[in-house]
Each structure stands twice: as C-alpha cells, then as structure tokens.
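The following note sets out points for a colleague examining this entry. Each point may be checked against the coordinates.

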Amino acid sequence: MVNDLPTSIQFSSYILRYARNENITPNLTKIQKWTYICYGLHLAVSQGKDFLFDEKPYCWPHGPVFPQVFYAQKDHHDFFIQEYKTFNFEPYIPLVKFVFIEWGTWSAAALSKWSHNENGAWRKASCKDPHAPHRIALDPVDIYQDFRGYVQNE
C-alpha cells in the first residue's frame with residue numbers, strides 16, 4: 001500500500017535536501033524549525049483539518065521539535081539524509097519553496113526566537129508543565145492559530 005502522507009522523517013529529509021540544493025547551510029535547529037513552519041502552514045491551508053504527517057511537534061526548550069526527526073538526524077544521519085527518496089514530494093514543492101523564500105535565510109537563533117512568540121503554540125505548551133516540557137505536544141488548534149495569518153483561505 002502506498003502511503004498518501006510522508007512521515008516526519010521523510011519530510012525533514014526533503015527539507016535538508018532542498019536547503020542544500022539552494023546552497024543554504026542547514027543544521028539540526030533549522031531543519032526542525034523549517035519542518036515546523038511547513039507543518040503549521042499546511043495545517044492553516046487546510047483550515048486546521050489536515051496534518052502534514054502523523055508526528056506532532058513537542059515543546060522542547062529551544063522551540064517546537066519533532067522527536068522522531070531529532071533522533072533520526074542525531075543518531076542515524078546517513079539514513080536520515082537519504083529518506084526523502086522514499087516519497088514523491090512534488091505536491092509539497094510550493095509549500096517548501098514558500099518557507100524557504102520567507103524563512104530560508106534566517107539563522108537558527110532567529111528561527112528559535114520566532115518560534116517562542118509570546119502568544120504562540122510553543123509558549124502555551126511550555127506553560128502547562130515547565131518541569132517536563134519534552135512530554136507536552138503542541139495543541140494543533142494553537143498551531144493553526146499561529147499560522148492562519150500567513151495563508152489566504154477562500
């Protein structure tokens with residue numbers, strides 16, 4: 001059976017490939033943030049109804065993180081950089097291009113600061129349990145609210 005949606009690892013691997021093809025230097029933080037932005041924009045375009053993939057972003061100290069992606073990048077780098085080849089990303093190219101036009105040149109620090117927006121999904125999740133933030137998934141409604149201003153739904 002062919003999967004209709006990419007996994008978070010496939011999508012982030014594609015983000016890595018895209019950045020390298022655009023001569024943009026990626027790192028772990030940038031890949032996480034660009035993936036999060038794609039996730040949020042996709043959610044906003046669907047008016048909060050469709051997820052980009054099945055992994056939810058979690059509230060980590062430096063912003064939203066997809067744990068499966070983090071550990072794949074960190075512990076299985078060779079596998080991670082090839083994973084994009086297992087999915088057809090053609091329908092997602094406009095989304096990724098938009099993200100790189102808007103946020104592609106931002107530093108990791110600037111992306112992290114942006115993701116810590118005062119009334120944003122990360123901030124709301126971080127306030128729920130400041131002693132165990134890694135266990136708190138960001139609320140999709142909050143993510144949708146963060147990103148709906150970036151898209152025009154007809």
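1. The model is a predicted one, and in it Ala 44 has a relative accessible area of 0%, so the residue is buried. Its C-alpha atom is separated by 9.9 Å from that of Pro 140, a residue 96 positions away along the chain.

2. How do H2 and H8 pack, in angle and axis separation? Helix H2 (residues 28-45) meets H8 at about 90 degrees, and the two axes are 8 Å apart. Because of that angle, H2 is roughly perpendicular to H8.

3. On the H2 side, the contact is formed by Tyr 36, Ile 37, Tyr 39, Gly 40, Leu 41, Leu 43 and Ala 44. Their counterparts in H8 are Pro 140, Ile 143, Tyr 144, Asp 146 and Phe 147. Sorted by class, the contact of H2 with H8 comprises 10 nonpolar, 1 polar and 1 charged residues.

4. Helix H8 spans residues 140-147, and its buried residues are Asp 142, Ile 143, Tyr 144 and Phe 147. At the start of this helix, Asp 139 places a side-chain oxygen within 2.8 Å of the backbone nitrogen of Val 141.

5. Across the whole structure, a search finds 24 aromatic pairs. Ring pairs join Phe 11, Tyr 14, Tyr 18, Trp 34, Tyr 39, Phe 51, Phe 53, Phe 66, Phe 87, Phe 89, Tyr 92 and Phe 100 into a cluster. One of these, Tyr 39, is also among the H2 residues that meet H8.

6. Gln 10 is located in helix H1 (residues 8-21). Is this side chain's residue buried or exposed? With 8% relative accessibility, under the 20% limit, Gln 10 counts as buried. A polar atom of the Gln 10 side chain lies 2.7 Å from the backbone nitrogen of Thr 7.

7. Most residues other than glycine have a negative phi. Asn 23, although not a glycine, has a positive phi of about 60 degrees. Asn 23 sits in the loop between H1 and H2, and its relative accessible area of 72% makes this residue exposed.

8. The second case is Gln 47, again not a glycine, with a positive phi near 55 degrees. This residue is found in the loop between H2 and strand E1 (58-60). Its relative accessible area is 37%, so Gln 47 is partly exposed.

Terms used. Residues are numbered from 1 along each chain as its sequence is written. This is a predicted model: local features need pLDDT of at least 70, side-chain atom pairs count only at pLDDT 80 or more; totals for chains, interfaces and linings use all residues. Side-chain values use heavy atoms; hydrogens and water are left out. Rings of Phe, Tyr and Trp (its six-membered ring) pair if their centres lie within 6.5 Å; planes under 30 degrees apart count as stacked, over 60 as edge-to-face and the rest as tilted. Buried means under 20% relative accessible area, exposed over 50%, partly exposed in between (1.4 Å probe, protein chains only). Helices (H or I, at least four residues) and strands (E, at least two) are DSSP runs, numbered from the N terminus. A polar contact is a pair of N or O atoms within 3.5 Å; within protein, one must be able to donate a hydrogen and the other to accept it, and residues adjacent in sequence count only if both atoms are side-chain atoms. Axes are lines fitted to C-alpha atoms, for helices over the stretch in contact, and angles run from 0 to 180 degrees between N-to-C directions. Angles under 35 degrees count as roughly parallel, over 145 as roughly antiparallel, 65 to 115 as roughly perpendicular and the rest as oblique. Contact means heavy atoms within 4.5 Å. Ala, Val, Leu, Ile, Met, Phe, Trp, Tyr, Cys and Pro count as nonpolar, Asp, Glu, Lys and Arg as charged, and the others, Gly among them, as polar.
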